[in-house]
Amino acid sequence: MCEHCSSFATERFFSDQDFAAFEKAFEKKSLDGTFIRVINSNQISQNSQETTFECTHCHTDWVLSIPDGDWQGFFLPNDRLTEYNEYEYDSSNNNGNNVFKANFNGNKGNCGCCLVLFLLFVGSIFYGIYSVFDFILDLLF
């Protein structure tokens, strides 16, 4: 990113007015040649809600997702999408309903804590079963 495009990074548009203000500023940057639209074959064939742009100064690819209903949209560099969480908005499914998918590719922490909790849970179940059988055996003998 460079000083021409870095100020446009937006993780979400909070309102229609917010998006309208972004569109106005973005249009000025597009007219002066800072951003050009990049046509990807998958965006054309899938009727994607996302549009890719490139900064002509630093050649960074940007992805614009337009807000639609509850979907707030975003305008982020392509590398930040894969660095954090990758979101996909798909409105091209068969029944016409909009679908939101999230693929969490961010930092995957160590799962040692989860393993310890799972083993404690399984141990508690075995201890409970053992206690019931021990109680029953004490009653019988």
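Hello everyone! Before we go on, a word about what you are looking at. This is a predicted model, where local features need pLDDT of at least 70 and side-chain atom pairs count only at pLDDT 80 or more, while totals for chains, interfaces and linings use all residues. Residues are numbered from 1 along each chain as its sequence is written, and side-chain values use heavy atoms, with hydrogens and water left out.

Let's start with the overall layout. The protein has four helices and six strands; these are DSSP runs, numbered from the N terminus, with helices being H or I of at least four residues and strands being E of at least two. Along the sequence, the pattern reads α-β-α-β-β-β-α-β-β-α.

Now to the sheet. Strands of a sheet pair through backbone hydrogen bonds, either parallel or antiparallel. Here, four strands make an open sheet in the order β1-β2-β3-β4, with antiparallel pairing; to count as a pair, two strands need at least two bridges found by DSSP. β1 (35-38) and β4 (74-77) are at the edges with a single partner strand each, so one side of each has no neighbour in the sheet. On average, neighbouring strands of this sheet are turned by 30 degrees against each other, direction ignored.

Next, the inside. A nonpolar core is a set of buried Ala, Val, Leu, Ile, Met, Phe, Trp, Tyr and Cys residues joined through side-chain atoms within 4.5 Å. Buried means under 20% relative accessible area, exposed over 50%, and partly exposed in between, using a 1.4 Å probe and protein chains only. In the largest nonpolar core, which has 13 residues, those touching the most other members are Phe22, Phe26, Phe35, Phe53, Trp62, Leu64 and Phe75.

Let's zoom in on Phe26. Neighbours within four places in sequence aside, Phe26 is in contact (heavy atoms within 4.5 Å) with Phe8, Phe35, Phe53 and Phe75.

That brings us to the rings. The whole structure holds twelve aromatic pairs: rings of Phe, Tyr and Trp (its six-membered ring) with centres within 6.5 Å, called stacked if the planes are under 30 degrees apart, edge-to-face if over 60, and tilted otherwise. Phe26 and Phe53 have ring centres 4.9 Å apart and planes at 80 degrees, so they are edge-to-face. Phe26 belongs to helix α1 and Phe53 to strand β2, so this pair ties together parts 27 residues apart in sequence. Both residues, Phe26 and Phe53, are buried. Phe35 and Trp62 also form an edge-to-face pair, at 6.0 Å centre to centre and 85 degrees between the planes.

To finish, Phe13, Phe19, Phe22, Phe26, Phe35, Phe53, Trp62 and Phe75 form one aromatic cluster.

How values were computed:
Axes fitted to C-alpha atoms, helices over the stretch in contact; angles between N-to-C directions.
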